[in-house]
There are 2 protein chains.
Amino acid sequence: MVAGVGAGLALAAMIAAPAMADEGLWTFDNFPAAKVKAALGVDITPAWLAKVQAAAARLSVGCSASVVSGQGLLLTNDHCVVDCAHAISPKDQDYLTDGVLAAAEGAEKTCPGMEADILESISDVTARMTGAGAGLAGEAMVKARIAQSAAIEKEACGVDPKLQCEVVPLYQGGQYKLYKYRRYDDVRLVFSPGNRAAFFGGDPDNFNFPRYDLDCAFLRLYEGGKPAATPQHLTWNPETPAAGEAVFVAGNPGSTFRDQTVAQLETQRTLSLPLALAQLAELRGRLIRFREESADNARVGDDELQGIENDYKVYVGRLQALDDPAFMDARRAAEADLRAKPPAGTGDPWADMAAVQKDIAALYIYNRQLEQGPWDSSLFAYARALVRGAAERAKPNGERLPGYADSELPGVEKSVMDAQPVEPALEQLLLEFWLSKSRELLTADDPDTRLLLGNESPEALAKRLVAGSKLGDAGVRKALWDGGETAIEASDDPMIQFVRRIDPEARRIRAAYDDKVNGPSTRASEAIAKARFAAYGDSVYPDGTFTLRLSYGQVGGWTYRGKTTPPLTTFAGLYTRSTGAAPFDLDPRWIAAKGKLNPDTVFDLSTTNDIIGGNSGSPLMNAKAEVIGTAFDGNILSIGGDYGYDPQVNRTVAVSAAAITEALSKVYGAGALVRELSGG
Amino acid sequence: MVAGVGAGLALAAMIAAPAMADEGLWTFDNFPAAKVKAALGVDITPAWLAKVQAAAARLSVGCSASVVSGQGLLLTNDHCVVDCAHAISPKDQDYLTDGVLAAAEGAEKTCPGMEADILESISDVTARMTGAGAGLAGEAMVKARIAQSAAIEKEACGVDPKLQCEVVPLYQGGQYKLYKYRRYDDVRLVFSPGNRAAFFGGDPDNFNFPRYDLDCAFLRLYEGGKPAATPQHLTWNPETPAAGEAVFVAGNPGSTFRDQTVAQLETQRTLSLPLALAQLAELRGRLIRFREESADNARVGDDELQGIENDYKVYVGRLQALDDPAFMDARRAAEADLRAKPPAGTGDPWADMAAVQKDIAALYIYNRQLEQGPWDSSLFAYARALVRGAAERAKPNGERLPGYADSELPGVEKSVMDAQPVEPALEQLLLEFWLSKSRELLTADDPDTRLLLGNESPEALAKRLVAGSKLGDAGVRKALWDGGETAIEASDDPMIQFVRRIDPEARRIRAAYDDKVNGPSTRASEAIAKARFAAYGDSVYPDGTFTLRLSYGQVGGWTYRGKTTPPLTTFAGLYTRSTGAAPFDLDPRWIAAKGKLNPDTVFDLSTTNDIIGGNSGSPLMNAKAEVIGTAFDGNILSIGGDYGYDPQVNRTVAVSAAAITEALSKVYGAGALVRELSGG
């Protein structure tokens with residue numbers, strides 16, 4: 001937690017300058033090929049980029065993947081399919097723990113709610129977006145932008161469910177680009193090794209290295225009920241990776257904050273991160289205890305806890321980075337450097353951004369608790385989508401809340417309609433937690449607390465909502481969705497009624513946040529981005545936005561405080577590390593297979609690539625764009641990567657194609673899958 | 001948590017100057033009587049001080065109290081007796097929830113482990129203490145000081161169990177004083193109103209005001225099995241307190257950090273507070289869920305959770321204060337001001353103190369997890385006291401670890417020998433939590449993690465220790481204590497064996513902490529205190545040390561962000577605030593008594609007194625030193641009081657003697673107690 005790792009410590013070195021060796025979440029339309037040629041001797045040609053782009057997929061669960069056969073086979077991480085494995089497990093089986101290998105094409109089951117997007121084109125819409133809302137401020141400006149974005153997306157993709165269009169702000173608003181994707185809305189699970197092999201070492205080993213995890217899984221894209229034909233796939237290469245080898249990662253890094261101002265980072269350090277950490281820690285505690293209560297609770301809460309513990313570690317690392325005075329001093333110096341250059345516009349956007357932080361402080365908790373709602377409650381999310389979906393669909397496309405534009409409705413509909421298990425015991429825990437934290441944070445006497453609770457206790461209200469709601473039934477949801485506002489108003493479902501009760505206030509808070517925070521922040525960000533382009537040209541890359549990026553690097557370990565960590569682990573190391581006690585206990589299949597496996601097989605490896613959450617499942621590729629593994633983690637020193645990349649110690653952690661191939665053959669009896677990967 | 005209170009915000013105003021109006025944790029031998037005369041028109045004479053000192057008690061549970069009858073009756077807070085109420089409840093009753101009124105003298109039951117100390121004298125031992133260890137550094141210096149302290153205490157008190165001597169470092173080491181107490185080791189519970197009346201509003205209302213809590217309890221001092229004769233008691237005054245009235249609080253404020261350096265505060269801000277908050281939040285989550293599992297768990301975990309939630313709120317307030325840039329800027333300015341004055345000695349103690357912080361960063365987690373051990377596990381605490389007690393008693397008085405000097409042994413013995421309930425389910429939770437957090441913080445591969453866990457999981461090890469240990473039995477503990485090292489070495493109790501396994505490493509860490517942290521910190525603190533005395537003379541008061549202090553002030557509300565909060569609440573307000581849902585549900589006796597109670601009785605009140613944790617249970621006195629209530633809380637804006645006092649918004653919260661008297665008569669049928677209070 002505040003262990004002696006000082007994640008942020010070494011970050012200070014590299015803030016002031018433009019991108020350093022191996023740094024960068026590069027877009028495919030501005031990849032620094034010359035720099036890579038000089039650093040690694042590898043030619044990244046337009047054809048190379050096009051080939052990789054055509055085979056790189058983004059998963060709606062917040063992960064990345066790659067197409068690795070002509071029959072729609074996708075490689076990703078096991079931790080990206082845990083929700084799916086949980087959802088599609090038959091009553092008497094637990095795919096999450098035990099894994100699954102679909103016996104044949106027909107046995108591959110659809111992951112509910114999952115979509116895969118493959119990027120087809122990027123086009124610049126900066127002028128249209130920055131033109132919208134010109135002369136306006138606050139909420140009016142935000143609304144004009146939302147309308148423009150919805151219009152652009154609809155023009156480009158129409159209402160074709162096989163297309164997905166998204167206007168993406170890059171460089172904190174310095175550019176707006178339209179990303180057009182081919183969408184697959186039937187994605188099925190082919191293989192998962194199960195938690196014990198994929199997540200050996202559990203939370204204690206998460207973000208650590210050396211590592212011994214088979215954190216891979218295979219999915220398959222389907223079209224019209226058949227495996228999709230995907231001729232533009234990458235080649236599988238199960239040869240042993242070597243230290244020093246040039247490697248590339250193509251995936252979708254989530255939000256980073258490398259271009260945020262010091263004032264914005266201070267708000268994270270003193271407000272949002274401490275709040276998130278405290279909430280995650282308590283929720284984690286409730287969930288740990290919940291899972292100990294019964295085998296069923298253990299199963300139900302498994303992927304939930306895994307996600308919470310992962311986020312918790314990430315936030316701890318972020319806070320450490322921002323609490324590091326050397327890091328913050330470097331950020332201050334870099335900001336001062338940029339501000340000292342000839343101004344690219346009028347006014348002082350840094351001062352404007354600093355002024356916004358006071359409004360964030362006043363509105364943040366209300367926005368978090370009332371508008372963002374509970375952590376991960378399916379029932380609440382369904383009710384919110386149904387209530388708002390009905391209201392928003394009744395409006396013209398350009399006047400709707402974000403999330404309900406025509407371009408987005410197919411995704412919402414799928415998430416509402418797909419049958420997924422709703423676990424009442426877990427729902428009760430999550431809702432009760434949210435309600436009690438709302439009362440704590442807003443205080444008992446706040447009108448919004450009274451609106452949430454009335455005269456009920458958090459415990460009693462959560463119980464009433466969970467016991468009475470029928471929204472776990474996909475048919476009930478479909479009827480409410482199809483019935484629109486009339487059906488919503490007539491509904492006696494307590495969760496629908498509860499969400500309706502708080503919705504006017506939640507919308508009011510959202511509007512205030514747009515007015516006081518989002519509007520002015522966007523304006524200030526855009527002005528700062530303009531200054532940055534003026535100073536540094538296109539030698540810079542944009543912060544992560546969960547869109548396709550390419551990172552270059554090498555297979556390599558690191559040295560920190562005098563201790564050198566080599567980059568490769570082997571199967572032999574797994575058996576040495578096992579203690580027999582969870583989470584260091586081996587899957588029985590691995591115990592049985594020990595004699596058959598080549599102990600020297602390279603299992604996991606560390607590389608110098610610059611990745612971040614969202615990159616999970618990304619292909620690790622060699623210079624020929626062949627898949628030699630899949631990235632599933634960073635080392636503990638990489639967590640500060642949200643704020644900057646340190647070439648000395650930030651490392652990507654991947655599982656090798658060599659290990660996957662060996663395990664598929666000798667542990668899982670997945671010969672057919674190996675043959676498909678080999679192009680056989 | 002990070003609610004919009006900005007606890008630290010207003011603190012900035014008053015840091016640079018010496019003590020302001022109503023500020024101060026004043027010692028009885030340096031009370032600013034002239035200042036109080038000028039401010040309040042009240043004469044605090046030596047006789048006044050002597051009278052109050054003779055009736056002010058300190059409770060070993062970390063609270064304060066006052067003698068309010070000639071028969072040893074003590075007034076304190078209900079939240080100070082929750083552990084006792086839990087411990088002495090008969091099998092079929094729950095005093096903690098339902099309260100208790102001892103029917104007669106013979107029915108008053110002893111609170112296990114509780115002692116009460118009444119201060120008899122203060123004498124200066126600065127020269128002896130600072131002379132010890134002269135020329136030494138690090139651990140050697142710390143050891144010389146410990147030896148000197150043990151010698152002074154033994155000279156003054158001998159081995160008389162009715163006396164308690166403590167050498168107290170004041171002014172962060174600027175003075176060392178010997179506090180000599182009369183000790184009462186038989187303290188019995190007379191009356192508790194029960195949780196629902198004492199803690200109405202629960203955690204949501206904790207640290208809030210307006211408030212409606214009867215947070216009072218009565219204990220009785222016993223000597224030789226009979227109520228102690230206490231002629232030097234305070235007079236009970238059940239008249240209605242009035243806004244603006246001069247009031248005084250005599251009690252034992254715990255540790256404050258008002259004289260710490262900026263470097264020390266930064267360590268709190270970035271290391272110890274975030275760590276403590278994250279641990280408390282997760283433990284709270286586990287405990288909340290634990291309590292929901294059964295009525296028995298709810299009972300067992302009640303006072304535990306109450307304590308954790310209180311600490312959690314305190315730490316949140318502390319972090320907010322330290323995250324407030326205006327507050328920290330003021331601290332930096334005050335420090336610069338003092339450093340700019342002519343030096344009181346050689347060297348730069350502020351730089352020395354800053355250098356120590358690096359060593360704290362390296363050692364802190366090891367010290368916290370291995371040496372400090374688990375949060376509140378009775379079994380671990382017993383085993384540690386038994387294992388160390390045996391080893392330390394075999395050494396000369398001056399060579400023992402702190403806590404085991406001859407002057408301290410009676411207290412240790414009492415805490416080990418007194419029969420107290422040990423709750424296995426709660427022990428399991430606490431130990432499992434501690435072990436899993438140790439692994440998380442130290443990382444799985446750290447040798448100390450391996451020492452703690454071996455090849456066991458935290459869950460399995462905790463289970464084995466709790467299931468196998470017999471240390472819940474006071475007879476077993478007595479045999480091990482009396483048997484000394486031979487008995488400890490021969491013991492097959494798994495908890496004893498576990499503590500023995502980690503003890504050499506825990507002692508090594510402790511020694512390293514003494515060497516690198518405690519030794520140099522003490523030296524630097526003493527030099528800074530010298531500089532402060534040179535600059536400001538005795539116009540300053542020392543940080544809280546859980547020793548007797550006197551605070552002056554007035555009954556008064558406050559205005560914050562334009563909202564004025566009046567200082568008095570009434571019984572009528574309680575009934576208005578009740579929703580029927582916990583924790584805003586009324587005790588049935590209060591529902592029944594509604595018609596009999598005078599609704600206008602002043603219930604709780606806020607005053608401008610400067611208090612802090614440890615002051616709980618302190619008498620609130622008028623100018624004549626009559627008891628008009630007992631302090632039980634501060635307002636939310638007072639939590640930053642660890643670092644400074646803001647006269648505009650820091651407020652003490654007390655329950656009035658008027659309300660206590662009315663409730664005793666009309667709710668609890670405690671006429672005899674009322675008569676005793678009236679001197680009848």
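Q: How many residue pairs are in polar contact between chain B and chain A?
A: In this predicted model, eight residue pairs are counted in polar contact between chain B and chain A, both residues of each pair being at pLDDT 80 or more. On the side of chain B that touches chain A, the elements giving two or more residues are helix H8 (202-205), helix H9 (262-292) and helix H16 (424-442) of chain B. H9(B) provides the largest share of that side, with 16 residues.

Q: What makes up the side of chain B that touches chain A, in terms of nonpolar, polar and charged residues?
A: The residues on that side of chain B divide into 20 nonpolar, seven polar and 18 charged. The contact as a whole takes 45 residues from chain B and 46 residues from chain A, and the two chains bury about 3800 Å² between them, 55% of it on carbon and sulfur atoms.

Q: Why is the meeting of the side chains of Glu293(B) and Arg289(A) called a salt bridge?
A: The N to O distance for Glu293(B) and Arg289(A) is 2.9 Å, and a salt bridge requires a Lys or Arg side-chain nitrogen within 4 Å of a carboxyl oxygen of Asp or Glu, so the pair qualifies. Between chain B and chain A the count is 10 salt bridges, and over all chains it comes to 118.

Q: How do you know that Glu432(A) and Arg286(A) form a salt bridge, and what does the pair tie together?
A: The closest N and O atoms of Glu432(A) and Arg286(A) are 3.8 Å apart, and the limit is 4 Å, so this pair also meets the rule.

Q: What makes strand S1 and strand S17 of chain A the edge strands?
A: The sheet of chain A is open, with eight strands in the order S1-S14-S13-S19-S20-S21-S18-S17 and antiparallel pairing. Strand S1 (26-27) and strand S17 (568-570) of chain A each pair on one side only, and this marks them as the edge strands. Helix H23 (residues 657-666) of chain A packs on the sheet, touching strand S18 (602-607), strand S20 (627-634) and strand S21 (652-656) of chain A, with its direction at about 35° to that of S21(A).

Q: Which bond is the cis peptide bond at Phe209(B), and where does Pro210(B) lie?
A: The cis peptide bond joins Phe209(B) and Pro210(B), with omega about 5°, and Pro210(B) lies in the loop between H8 and strand S11 (217-223) of chain B. Another cis peptide bond joins Ala582(B) and Pro583(B), where omega is about 0°; Pro583(B) lies in the loop between helix H21 (571-577) and helix H22 (588-593) of chain B.

Q: What is the phi of Tyr171(A), and where is the place of this residue?
A: Phi of Tyr171(A) is near 50°, a positive value in a residue other than glycine, and Tyr171(A) is placed in the loop between strand S8 (163-170) and strand S9 (175-184) of chain A.

Note on methods. Residues are numbered from 1 along each chain as its sequence is written. Chains are lettered from A and ligands numbered from 1 in the order in which they are written. This is a predicted model: local features need pLDDT of at least 70, side-chain atom pairs count only at pLDDT 80 or more; totals for chains, interfaces and linings use all residues. Side-chain values use heavy atoms; hydrogens and water are left out. Contact means heavy atoms within 4.5 Å. Buried area is the accessible area (1.4 Å probe) that two parts lose on being put together, summed over both. A polar contact is a pair of N or O atoms within 3.5 Å; within protein, one must be able to donate a hydrogen and the other to accept it, and residues adjacent in sequence count only if both atoms are side-chain atoms. Helices (H or I, at least four residues) and strands (E, at least two) are DSSP runs, numbered from the N terminus. Ala, Val, Leu, Ile, Met, Phe, Trp, Tyr, Cys and Pro count as nonpolar, Asp, Glu, Lys and Arg as charged, and the others, Gly among them, as polar. Two strands pair if DSSP finds at least two bridges between them. Axes are lines fitted to C-alpha atoms, for helices over the stretch in contact, and angles run from 0 to 180 degrees between N-to-C directions.
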